[in-house]
Amino acid sequence: MKTYYNIYVNDDFWRAFDTEREAKKYLYEFQKTHHVKTEIIATGGKKSNVGR
């Protein structure tokens, strides 16, 4: 089973990435302009992206 790295913003799913490095890079840039609660959660299974 593949692992995906999901970013959650204010406890809501935001976006999924294939690698932890991609997720951390995106999160770093995102946090420069948004001051909200964020976290990365690793999950297995199907990848889903929410278009925002």
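Strand 1 (residues 3-9) and strand 2 (residues 12-17) run antiparallel and are joined by 5 bridges. The model is predicted. Within this pairing, Val9 stands opposite Asp12 of strand 2. Further along, Ile7 has Arg15 of strand 2 as its bridge partner.

The two strands form a hairpin with 2 residues between them. Asn10 is found in this loop between strand 1 and strand 2. Its phi is positive, about 50 degrees, although Asn10 is not a glycine. Asn10 is partly exposed, with a relative accessible area of 43%. Asp11 is found in the loop between strand 1 and strand 2 as well. Asp11 is not a glycine, yet its phi is positive at about 70 degrees.

Which residues does Asn6 contact beyond its neighbours within four places in sequence? They are Phe13, Arg15, Ala16, Glu39, Ile40, Ile41 and Thr43. Asn6 lies in strand 1. It is buried, with a relative accessible area of 7%. The Asn6 side chain makes a polar contact of 2.6 Å with that of Thr43.

Tyr5 is placed in strand 1 too. Leaving out residues up to four places away in sequence, Tyr5 touches a set that includes Arg15, Ala16 and Phe17. Glu20 and Ala23 are among its contacts, and so are Ile40, Ile41 and Ala42. Tyr5 and Lys24 are 19 residues apart in sequence, and their C-alpha atoms are 9.1 Å apart in space.

**The helix**

Helix 1 (residues 20-33) has 14 residues. From first C-alpha to last it reaches 21 Å, close to the 20 Å expected at 1.5 Å a residue. Its buried residues are Ala23, Leu27 and Phe30. Seen down the helix axis, they fall within an arc of 65 degrees, so they line one face of helix 1. An α-helix has 3.6 residues a turn, so residues three or four places apart point the same way.

What does the face turned away from the buried side of helix 1 carry? It carries the exposed residues Arg21, Lys25 and Tyr28. On the buried side, the cover includes strand 1, strand 2 and strand 3 (38-44).

**The nonpolar core**

The largest nonpolar core has 8 residues in all: Tyr5, Ile7, Val9, Trp14, Phe17, Ala23, Leu27 and Phe30. Strand 1, strand 2 and helix 1 are the elements that give two or more residues to this core.

Phe17 belongs to the core. Beyond residues up to four places away in sequence, Phe17 touches Tyr4, Tyr5 and Ile7, and also Glu22, Ala23 and Tyr26.

Thr38 has its place in strand 3. Is Thr38 buried or exposed? Thr38 is buried, with a relative accessible area of 18%, against a cut-off of under 20%. Not counting residues up to four places away in sequence, Thr38 touches Tyr8, Val9, Leu27, Phe30 and Gln31. With Gln31, the link is a side-chain polar contact of 2.6 Å.

| Residue | Partner | Polar contact |
|---|---|---|
| Asn6 | Thr43 | 2.6 Å |
| Thr38 | Gln31 | 2.6 Å |

**The chain as a whole**

The chain holds 1 helix and 3 strands. Along the sequence, the pattern reads β-β-α-β. Buried residues make up 25% of the 52 residues. How much of the contact total with a separation of 6 or more comes from residues 24 or more positions apart? Such pairs account for 56% of those contacts.

How values were computed. Residues are numbered from 1 along each chain as its sequence is written. This is a predicted model: local features need pLDDT of at least 70, side-chain atom pairs count only at pLDDT 80 or more; totals for chains, interfaces and linings use all residues. Side-chain values use heavy atoms; hydrogens and water are left out. Two strands pair if DSSP finds at least two bridges between them. Helices (H or I, at least four residues) and strands (E, at least two) are DSSP runs, numbered from the N terminus. The expected span of a helix is 1.5 Å times one less than its number of residues. Buried means under 20% relative accessible area, exposed over 50%, partly exposed in between (1.4 Å probe, protein chains only). The arc is that of the directions from the helix axis to the C-beta atoms. Contact means heavy atoms within 4.5 Å. A polar contact is a pair of N or O atoms within 3.5 Å; within protein, one must be able to donate a hydrogen and the other to accept it, and residues adjacent in sequence count only if both atoms are side-chain atoms. A nonpolar core is a set of buried Ala, Val, Leu, Ile, Met, Phe, Trp, Tyr and Cys residues joined through side-chain atoms within 4.5 Å.
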